[in-house]
Amino acid sequence: MSAPCSVEELRTLFLFEKLTEEQLDWLCEHGTVEAFEPGQVYAEGDAAQWFFVLLEGTVVLSRRVGVDNVEVNRTSQRGVYTGAFQAYLGDRVPQIYRNSLSVTVPSRFFVVSAELFSTVMHEWFPMAVHLLEGLFFGTQIQQQIVGGRERLLALGALSAGLTHELNNPAGAALRAASSLREDVAGARSDLAAIAAHGDRAPSLDTLVTLLNCATEKAAGANASALGPLEISDREDAMGDWLDDRGVANGWQLASTFVQAGLEADDLDRITGTVEDDVLPAVLSWLSRTLETEALTAEIEEATDRVSTLVGAAKQYSQLDRAAQQDVDVHDLLDSTVTMLAGKIPDGVRVLKEYGTGLPKVPAYPAELNQVWTNLIDNAVAAMDEAGTLTISTGLDRDALVVEFRDTGPGVPEEIKERIFEPFFTTKPVGKGTGLGLDISWRIVVGRHHGDLSVESVPGDTRFRVRLPLTWNGQAEAEQGASPAAAS
C-alpha cells in the first residue's frame, strides 16, 4: 500500500537530518511510503531493486544458513535502513539482497529504487562514495591477501612442527639401524669364535636354548622400573661376575644384560653347562643378540611413531578424501592436536574429555580441522605459555558439541560481541590478523549449518561448536557471512 511522502517526517530520521529542503523535496518526489502487513517484505538472494528506510513498525533481518533462516537483527528504531544499500557500487558487486526482511507488526517504510539511491549517492555525496568504495573493495583485497598470508604462516608453523616431531623418531631409527648393523657383524664374529673351540663348543641347539632362556627372563623383567642407583649396583655386580670369568670389556656387556633385566645369578644359571674357555665368546654373542632384539624393538617403535605422524598429517589435510563425508570428530581432533604438538608449549597441558558412543556427523573434514586449529591456537596464545586446555565432546539434543576450554584470563565483556568480526584481534601487533575466528564462524555456521559461541570469565573461557547430526541440504560457501556483515 502506497501513501504520499512527508518532508516533515523524513526530516525526523537520523539518516536524512542533514539534508537540505531541496534534497528532501527531491526524495519525496521520487520516493514513496509503503505500508506492509506482518510477513516477508523481500527474500535474500532476490535482485536488490529497492532501498528501505523504516518509518514505523518492527523489522526482522535474517540470513539463510544452509536450509535455515537465522535471525540476525530485530529493531523498531526509526530510520534504520536495509535493502539495496550497495547500489552505489554498481555492477562491480552482485546486486542482490544480502538478507531477508520481515515485519512483525503493520509497518511503514520510505522506499526508493536502487537506481535512484545510486544516483543520490553519486551526485550528493561523491567524496563519500569514493571513500566507501575504497573501504569496501580495500577490505575485500586486504582480507584475501592477509587471509592467504595467514594460511601460509600457519602452514609453515605446522610444517616446522611436523618436521620436528618426525625428526626425533627418524633420528632414533637411524641410530638404532647403525648400531644394529654393528651388532649383527659382531654376532657373526662371536659365532666364529665359538665354533673355533671345536668339540668343546656348545651345539646350535644349546645356543638357541640359552638365548630362549635369556629372552624369556628379559621379557618377564621390568628394568625400566629400576632407579639409577639400583641399575648402577646391578651393573657393578654384573661387571664383577663377567671379569671373574675372563670376559674382556665386561663393563660393556654388563650394561646390555642389566637393561635386558638380567642379573648375575640369572646368567650363572643360564650358562651353567658352558665350559669356561668357551664362556666369554658365548656371553659376548648372547649380549649382542639381546641388544639386536632391543634395537629391533626401538626401530619398530620409531617407525610406528613416524607412521602415526604421517597418518595424522593425512587425516588433518584430508588430501585423499571426499570434500564432504560423515566423520568421527574425535579422529579430526586427535590429528589436529598431533599436528600442533610442536606449537603447544611445555607449560600447557592438553586434556581430552571425549564423550562415548558419539555418532558421525556430515562435515567438510579439512575445514573443521582448520576450525580446531584456530581455536586451539587462540587458547594456547591466551594462556601465555602455561595453563590447561580441555577439549570435550558430547551430544546436546540434535547436535554434537565440541568445546575448547582454557584457563586464560578470559575475553572482556566489552569486546565479546566483536571477536568474530573480520580483522578484530586482541593479540599484539604482528601476532594476529583477526581472521581466525571470522573464518571459523563462516565454516561452522555457513558451511556446516552449526553454531559457534563463546562464554568467558577469568580462568574459564569456552568456545563451543555445535554441529548438526544431519543435513537437509548443502550449504554454500558464500552463505557463511560474518555475523557483523548484515546491516
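1. Some conventions come before the points. Angles under 35 degrees count as roughly parallel, over 145 as roughly antiparallel, 65 to 115 as roughly perpendicular and the rest as oblique. Helices are DSSP runs (H or I, at least four residues), numbered from the N terminus. The model is predicted, so local features need pLDDT of at least 70 and side-chain atom pairs count only at pLDDT 80 or more, while totals for chains, interfaces and linings use all residues. Residues are numbered from 1 along each chain as its sequence is written, and side-chain values use heavy atoms, with hydrogens and water left out.

2. Helix H10 (residues 329–339) and helix H11 (residues 365–383) have axes that come within 9 Å and cross at roughly 50°. Axes here are lines fitted to C-alpha atoms, for helices over the stretch in contact, and angles run from 0 to 180 degrees between N-to-C directions. H10 and H11 are therefore oblique to each other. Their crossing is right-handed (the near helix is turned clockwise from the far one by less than a right angle).

3. On the H10 side, Leu-332, Leu-333, Ser-335, Thr-336 and Val-337 meet Pro-365, Leu-368, Asn-369, Trp-372, Thr-373 and Ile-376 of H11, contact meaning heavy atoms within 4.5 Å. By class, this contact of H10 with H11 has seven nonpolar, four polar and no charged residues. Ala, Val, Leu, Ile, Met, Phe, Trp, Tyr, Cys and Pro count as nonpolar, Asp, Glu, Lys and Arg as charged, and the others, Gly among them, as polar.

4. The axes of helix H6 (residues 228–244) and helix H7 (residues 250–259) come within 8 Å and cross at roughly 130°, which makes H6 oblique to H7. The crossing of H6 and H7 is right-handed. Residues in the contact include Ile-231, Met-238 and Leu-242 of H6 and Leu-253, Phe-257 and Val-258 of H7. Seven nonpolar, four polar and three charged residues make up the contact of H6 with H7.

5. Thr-292 lies in helix H9 (residues 279–317). Which residues does Thr-292 touch, not counting residues up to four places away in sequence? They are Leu-180 and Asp-183. Ser-179 is 113 residues from Thr-292 in sequence, with a C-alpha to C-alpha separation of 8.4 Å.

Terms used. Helix = DSSP H or I, 4+ residues; strand = E, 2+ residues; numbered from the N terminus.
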